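Hello,

Here is the structure I promised to pass on. Please open it alongside this note; my findings follow below.

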Amino acid sequence: MALSPVPAALLLAAIGTVALLADRVASVAAIAVFLLLLCLRAPGRSKRLYLFGALSMGAGVVVLSPFLHVEGDYVVWSG
């Protein structure tokens with residue numbers, strides 16, 4: 001069964017929200033593996049676009065999160 005783009009995007013957004021709200025590493029890892037497998041099922045050119053978007057956003061989170069973390073008296077950015 002294939003979903004049209006809007007319901008599929010809403011479903012992926014909901015899964016991403018659940019991953020952000022989860023407090024266990026294992027559940028977040030399971031969601032990440034599920035989403036990766038879902039991206040790998042995409043047809044040809046779309047697969048590369050989805051993987052690029054996911055990996056670039058993930059790398060952005062890894063790079064930015066140390067600067068956005070508040071610990072101690074020195075805050076790099078607050079917003």
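The axes of helix 1 and helix 2 come within 9 Å and cross at roughly 155°. An angle over 145° counts as roughly antiparallel, so helix 1 is roughly antiparallel to helix 2. The crossing of the two is left-handed. Bear in mind that this is a predicted model.

Which residues meet there? From helix 1 come Leu12, Ile15, Val18 and Ala19. They meet Val28, Ile31, Phe34, Leu35 and Leu38 of helix 2. By type, the contact holds 9 nonpolar residues, no polar and no charged ones.

Next, the largest pocket. Its volume is about 1400 Å³. The lining consists of 30 residues. Nearest the centre of the pocket lie Leu12, Leu35, Leu38, Cys39 and Ala54. Helix 1 (5–21), helix 2 (25–40) and helix 3 (44–68) each give two or more residues to this lining. The lining divides into 25 nonpolar, 4 polar and 1 charged.

The two topics share residues. Leu12, Leu35 and Leu38 belong to the contact of helix 1 with helix 2, and they are also among the residues nearest the centre of the largest pocket.

Best wishes

Definitions and conventions:
Residues are numbered from 1 along each chain as its sequence is written. This is a predicted model: local features need pLDDT of at least 70, side-chain atom pairs count only at pLDDT 80 or more; totals for chains, interfaces and linings use all residues. Side-chain values use heavy atoms; hydrogens and water are left out. On a 1 Å grid over the protein atoms alone, a cavity is a set of points where a 1.4 Å probe fits but cannot get out, and a pocket is an open set with protein on both sides within 12 Å along at least five of seven lines; lining residues have an atom within 4 Å of a point. Grid points are joined across faces, edges and corners, and a volume is the space filled by probe spheres set on the points. Helices (H or I, at least four residues) and strands (E, at least two) are DSSP runs, numbered from the N terminus. Ala, Val, Leu, Ile, Met, Phe, Trp, Tyr, Cys and Pro count as nonpolar, Asp, Glu, Lys and Arg as charged, and the others, Gly among them, as polar. Axes are lines fitted to C-alpha atoms, for helices over the stretch in contact, and angles run from 0 to 180 degrees between N-to-C directions. Angles under 35 degrees count as roughly parallel, over 145 as roughly antiparallel, 65 to 115 as roughly perpendicular and the rest as oblique. A crossing is left-handed if the near helix is turned anticlockwise from the far one by less than a right angle, and right-handed if clockwise. Contact means heavy atoms within 4.5 Å.
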